[in-house]
Amino acid sequence: MLRFILPLVLVTSALAQTADPQPLVQKAVNAVGGKDKLLKIFRIKEVFHFGSTPEPAEGKKRSTRESILSQPDKWWINKKERGVEPAKDDVRAWSLDLLVDEKSKIEVIPDLTDEGKTCFGLQVSGSVDPAMKFYFDKETALLHRLDWRGDFYRFSDWKEHDGLKYAGKTIIFKVKDNKPWFFHEVTELERLAQLPEGLAK
């Protein structure tokens with residue numbers, strides 16, 4: 001039986017990689033409000049903690065942070081720019097900025113079922129290294145999962161600000177054992193027309 005299944009898997013994968021990704025990109029972008037609503041310059045407040053449980057370990061507290069970001073590569077905390085930081089690419093992923101970057105090479109990848117959700121997949125490279133695998137819920141077209149650098153992220157608690165839908169909560173897991181190690185929540189999001197005084201690109 002396996003000899004029949006394996007060729008089918010290979011054919012399915014090959015067809016996915018040659019399919020035009022743009023209709024799926026457009027579907028995902030439209031689901032959050034459209035390209036014009038994607039974040040460019042914004043303020044964000046967050047709470048987060050490291051650990052394997054939704055609540056911090058005994059004696060530990062959640063961390064809080066307020067930041068200003070300017071896509072694609074600027075992130076200030078207390079007016080200090082963070083420099084080279086993989087978390088900048090995380091933000092470009094969940095905000096879908098990578099999907100509209102002219103440098104992005106986007107391919108259709110096989111569907112994934114995760115937590116009972118059937119998701120269509122897109123792989124993005126060129127604008128990010130290593131490549132990222134995005135999985136969008138087929139029912140809502142909202143980002144459900146992201147696989148990158150030995151981790152996978154699950155997104156939930158969708159909220160809306162100024163016509164944009166965004167995931168309020170993220171949990172990061174290790175691919176090797178499926179165990180969570182980071183819990184994150186966006187408590188406030190504010191779109192900005194320009195950078196505040198004292199911050200320069």
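## Strands and their neighbours

Strand β8 (residues 143-148) is joined by four bridges to strand β9 (residues 151-161), and the two run antiparallel; helices (H or I, at least four residues) and strands (E, at least two) are DSSP runs, numbered from the N terminus, and two strands pair if DSSP finds at least two bridges between them. In β9, Asp151 is the bridge partner of Trp148. The model is predicted, so that local features need pLDDT of at least 70 and side-chain atom pairs count only at pLDDT 80 or more, while totals for chains, interfaces and linings use all residues. Residues are numbered from 1 along each chain as its sequence is written, and side-chain values use heavy atoms, with hydrogens and water left out.

Four bridges also join β8 to β7, again in the antiparallel sense, and here Phe136 stands opposite Leu143 of β8. Strand β7 (residues 132-137) is mostly covered, since five of its six residues are buried, where buried means under 20% relative accessible area, exposed over 50% and partly exposed in between (1.4 Å probe, protein chains only). With strand β6 (residues 117-125), β7 pairs in the antiparallel sense over six bridges, and Tyr135 in β7 is the bridge partner of Gly121.

| Hairpin | Residues between the strands | Residue with positive phi | Phi |
|---|---|---|---|
| β6 and β7 | six residues | Gly126 | about 90 degrees |
| β7 and β8 | five residues | Ala141 | near 65 degrees |

Gly126 lies in the loop between β6 and β7 and is exposed, with a relative accessible area of 62%. From Gly126 to Leu143 there are 17 residues in sequence and 20 Å in space, taken C-alpha to C-alpha.

These strands belong to an open sheet of 11 strands, in the order β4-β3-β2-β1-β11-β10-β9-β8-β7-β6-β5, with antiparallel pairing. Its edge strands are β4 (80-81) and β5 (105-114), each of which pairs on one side only.

Helix α2 (residues 22-31) lies across β5, β6, β7 and β10 (164-174) and runs at about 110 degrees to β6; axes are lines fitted to C-alpha atoms, for helices over the stretch in contact, and angles run from 0 to 180 degrees between N-to-C directions. Helix α3 (residues 86-94) packs on the sheet, where the strands it touches include β7, β8 and β9, and its direction makes about 150 degrees with that of β8; contact means heavy atoms within 4.5 Å.
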